[in-house]
Amino acid sequence: MISLSTLSSLVLIGAVRAEYKLEQVAVFWAGGHTRIGMDFEDSPEERSLRAEARSWLEANAKPLDVESLSDLRTHRAHTEEQDLALLDEARVWQRHKAEAGWAAPHWPIEHGGRGLSPLLAGVFAAEEQKFDVSGNMFSVGVGMAGPTIIEWGTETQQDQFLAPILTAEHIWCQLFSEPGAGSDLAGLATKAVLDGDEWVVNGQKVWTSAAHYSDYGVLLARTDADVPKHRGITCILIEMHSPGIEIRPLRQIDGAIHFNEVFLDDVRIPVANTLGPVGAGWGVAMTMLAHERASIGGGGMYSFDQVLTLARTVSDTSDPLVRQRLVDLYTRFEMLRFLGYRVRTAAERGELPGPESSVLKLVVSALYEVGGDLLLALEGAAGMLNGADAPFGGKFQDLFMGQWAPRIGGGTDQIQRNIIGERVLGLPGEIRSDKTVPFRELPQA
Ligand SMILES: Cc1cc2nc3c(=O)[nH]c(=O)nc-3n(C[C@H](O)[C@H](O)[C@H](O)COP(=O)(O)OP(=O)(O)OC[C@H]3O[C@@H](n4cnc5c(N)ncnc54)[C@H](O)[C@@H]3O)c2cc1C
């Protein structure tokens, strides 16, 4: 009897040799292979929610042609004006969703969400992607800070901070990484010292996405240097317009400003803004990072259909090498879809995203690496152009350059491999002699 993997290989080889159309391979993967052992059809609950989401979206936005290249939007700004225009557009859409109760379907009902499970919330997100709406510029607030405040915040903090996140009245950023603390986040050196009922914060953060237009930030600061590094960190909610905060935007190679350096000089923050217990900031950070990883891969930069349309428009899809690269990319899109189900199913069972979210994140990284290279390869010599000179106004050059964001943000590929090596494969852990030593005695970067 022929095994499933042999059959898959035969079909893929057939596709590469142009014996089957790519659509036939798609039918094999989506219809045949994937139903073995698991039912991916909508449950009655999912079907009804999908219909409700679709009818609201149809009444409020223009459907996208998922195969059309002119409908592909990169949501990337090259100038400050474009950045602000995208932000305005995103605010209007977020407010509109908030009025209809779609702003954060995964939040509990009492906080303005719909109390949907991650799988059901994913149904709305998947439908939303099929419409011409703004990019997700509020993922830190809605996807990360909000759920962390819901889990760790006091009632007063929840009353104060959650509602304005839903309506995009307040934009949030994540003040974690520092020049000497990225992968080794627990090595952070920004200090908060108690003075009466205020924290006084000094230090520097870097790579802070959206800090230049944020109203609030989730800050990690060292509040005790006499205990090992993971234990002396406290999480504080900080008003970004507070005196003593200087934000310096970092301009990227494509002209966009996404990140910032944030300097904190004697910034005073009320103790009431401490999120979680003093010294328990590492646990709060883990909650926020788990939400960050779970959200990566939820939305795509582009679809396989758009790559296929590009290939058909500017390249030769009967060329076996082109077909081989397309099939490779198609397979990765499918892997991502099924890993997404797995992560959301784990969350559905109340499990925090574990090593499977590291696998998912690696698949996302590899997909956009392979996909970004393919996009420009398909354009041939024109792939070397950029901006208005490039085909399709340089959209694919933008997407090519976007591939490094998921490979670094939310934990680099190498760190995800460490996690998989240690927690999935049971390989010996890295030697971490600094885990038991007081932070004060560690060599500082
Ligand atoms: C798109 C994007 C958005 C971001 N947004 C934010 C944000 O809003 N807020 C925020 O706080 N941060 C943000 N970051 C920063 C991000 O979290 C860090 O860049 C990331 O954690 C890596 O840290 P680093 O840049 O200091 O690199 P380093 O930690 O210095 O790593 C340098 C290299 O060494 C490798 N390396 C390090 N340690 C190990 C190890 N133990 N084993 C194997 N290899 C290792 C890394 O993989 C990497 O290749 C963002 C980054 C990106 C790309």
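Here, buried means under 20% relative accessible area, exposed means over 50%, and partly exposed is anything in between, using a 1.4 Å probe and protein chains only. By that rule Phe392, at 32% relative accessibility, counts as partly exposed.

This is a predicted model, in which local features need pLDDT of at least 70 and side-chain atom pairs count only at pLDDT 80 or more, while totals for chains, interfaces and linings use all residues. Residues are numbered from 1 along each chain as its sequence is written, and side-chain values use heavy atoms, with hydrogens and water left out.

**The overall picture**

The protein chain has 14 helices and eight strands. These are DSSP runs numbered from the N terminus, with helices (H or I) of at least four residues and strands (E) of at least two. Of its 445 residues, 46% count as buried. Contact here means heavy atoms within 4.5 Å. Of the contacts in the protein chain with a separation of 6 or more, 73% are between residues 24 or more positions apart.

**The cores**

In soluble globular proteins, nonpolar side chains tend to be buried together. A nonpolar core is a set of buried Ala, Val, Leu, Ile, Met, Phe, Trp, Tyr and Cys residues joined through side-chain atoms within 4.5 Å. The largest one here has 36 residues, and Trp172, Phe176, Val218 and Leu220 touch the most other members. Helices H4 (80-99), H6 (139-152), H7 (155-166) and H8 (281-295) each supply at least two of its residues, and so do strands S4 (216-222) and S5 (233-239). H6 gives the most, with five residues. Domain 2 (44-166) and domain 3 (172-280) both contribute, so this core lies between them; the domain bounds come from an automatic or database domain assignment.

What does Val218 contact, once its neighbours within four places in sequence are set aside? The list is Ala145, Trp172, Cys173, Gln174, Leu175, Phe176, Cys235, Ile236, Leu237 and Met288.

There's also a second, separate core of 27 residues, which includes Val322, Leu336, Tyr368 and Leu375.

Rolling a probe the size of a water molecule over the atoms shows where empty space is left. On a 1 Å grid over the protein atoms alone, a cavity is a set of points where a 1.4 Å probe fits but cannot get out, and lining residues have an atom within 4 Å of a point. Grid points are joined across faces, edges and corners, and a volume is the space filled by probe spheres set on the points. The count comes to one cavity of 30 Å³ or more, and the largest cavity has a volume of about 40 Å³. Phe138, Gly141, Ile165, Ala168, His170, Ile171 and Trp172 line it. By class, that lining has five nonpolar, two polar and no charged residues. For this tally, Ala, Val, Leu, Ile, Met, Phe, Trp, Tyr and Cys count as nonpolar along with Pro, Asp, Glu, Lys and Arg count as charged, and the others, Gly among them, as polar.

Most residues other than glycine have a negative phi. Ala168, though not a glycine, has a positive phi of about 65°. Ala168 sits in the loop between H7 and strand S1 (172-175) and counts as buried at 0% relative accessibility. Phe392 also has a positive phi, near 55°, and lies in the loop between H11 and helix H12 (395-401).

The table lists C-alpha to C-alpha distances.

| Pair | Apart in sequence | C-alpha distance |
|---|---|---|
| Gly232 and Ala280 | 48 residues | 7.5 Å |
| Leu362 and Thr412 | 50 residues | 8.8 Å |
| Pro147 and His106 | 41 residues | 8.8 Å |
| Phe333 and Ser303 | 30 residues | 8.2 Å |

Gly232 is in the loop between S4 and S5 and is buried at 0% relative accessibility. Leu362 belongs to helix H11 (residues 355-378) and counts as buried at 15%. Leaving aside neighbours within four places in sequence, Leu362 contacts Asp413, Gln416, Arg417 and Ile420.

Pro147 is in helix H6 and is buried, with a relative accessible area of 7%. Beyond its neighbours within four places in sequence, Pro147 touches His106, Trp107, Gly141, Val142 and His291. Phe333, in helix H10 (residues 320-348), is buried at 14%.

Key:
1 Å grid on protein atoms, 1.4 Å probe; cavity = no way out; pocket = protein on both sides within 12 Å on 5 of 7 lines; lining within 4 Å.
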